[in-house]
Amino acid sequence: MQRIKIRLIFMGCGYDTRSIKLMEWLLMQNVSEVPHHNLLQKKQRTPRRLWRMLRRKKVQSPLRNAFDNITSEVDLECFELDLPAVVYAKEQLLESRLFRRRPWLKELKDYPKLVPVDFNNLSATEHALERILSGDNTDAGNVNNIVLFEGVMIYLDEGVPHSLLELCSNSLRKYSSSDGSSGYMCFADRLENIPGGDEDAAHIEMESTGWELMDWLSKPGLARHMVCPE
């Protein structure tokens, strides 16, 4: 079976650890003899709350968690971009807290790469993104690039969110045409130029920045637009 290459690019994930949890899950799938493997398996057990819901037949999903469909056939690479001060603080937390609580993470060869960048600086953001997309080796092609935004654009300067979407689209298109890679986005944030949850306006905003809207959902709150374009 041909291995699947996925490159996750988290734009402004702050102190969140979901990419670490995802790579941790993949570590358990790939290497059963790593130190602390039994402890890692215990960490991945189905939460009690989900078991109770399954027993009461309130849910039908057989998955133990959201990562159960990630198999050993996946080659995963994670990048996290955020403000320099946030990146520095997260690096300190990882060294002082996370490695002590989850020592098996030291077995990861490709630990999530933290990239300092201010998204209000579009040229610096473009440079950082294209360095990631270009890859560091000759086997960088045919990668599924997935860019994730969550609660970031609500803090950016006026006009930047629109330009940032266009920047991501142009960069992904540039490298997908040159090496056969693909580009997608998952977005839970606030789009510019969209009053409330107007889906027609969302289609226009996506198309004007080089994206095709695949799925759309609006909700209450500041980060009220949930979008899946390609």
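E5 and E7 (residues 225–229) pair in the antiparallel sense over 3 bridges, where pairing requires at least two bridges found by DSSP between two strands. The model is predicted: local features need pLDDT of at least 70, side-chain atom pairs count only at pLDDT 80 or more, and totals for chains, interfaces and linings use all residues. Residues are numbered from 1 along each chain as its sequence is written, and side-chain values use heavy atoms, with hydrogens and water left out.

**Strands**

- Strand E5 (residues 182–189) also pairs with strand E4 (residues 144–150), in the parallel sense and over 7 bridges.
- Within E5, Tyr-184 is the bridge partner of Ile-146.
- Helices (H or I, at least four residues) and strands (E, at least two) are DSSP runs, numbered from the N terminus.

**Helix H7**

- Ala-201, Ala-202, Glu-205 and Met-206 are buried in helix H7 (residues 199–208); buried means under 20% relative accessible area, exposed over 50%, and partly exposed in between (1.4 Å probe, protein chains only).
- These residues lie on the same side of H7 because they cover an arc of only 135° around the axis, the arc being that of the directions from the helix axis to the C-beta atoms.
- Asp-200, Ile-204 and Glu-207 are exposed, on the face of H7 turned away from its buried side.
- The N-terminal end of H7 is capped by Asp-198, with a side-chain oxygen 3.0 Å from the backbone nitrogen of Asp-200.

**Nonpolar cores**

- A nonpolar core is a set of buried Ala, Val, Leu, Ile, Met, Phe, Trp, Tyr and Cys residues joined through side-chain atoms within 4.5 Å.
- The largest nonpolar core has 34 residues, of which Leu-81 and Phe-149 touch the most other members.
- H6 gives the most to this core, with 7 residues.
- Leaving aside neighbours within four places in sequence, Phe-149 is in contact (heavy atoms within 4.5 Å) with residues including Met-11, Leu-164, Cys-168 and Phe-187.
- Another core, of 9 residues, lies apart from the largest one and has Ile-6, Leu-8, Leu-22 and Met-23 among its members.

**Thr-125**

- Thr-125 lies in helix H5 and counts as buried because its relative accessibility is 0%.
- The Thr-125 side chain reaches the backbone oxygen of Asn-121 at 2.9 Å.
- Not counting residues up to four places away in sequence, Thr-125 touches Met-11, Val-117, Asp-118, Phe-119, Leu-164 and Leu-167.

Key. Polar contact = N/O pair within 3.5 Å; in protein donor to acceptor, adjacent residues only side chain to side chain.
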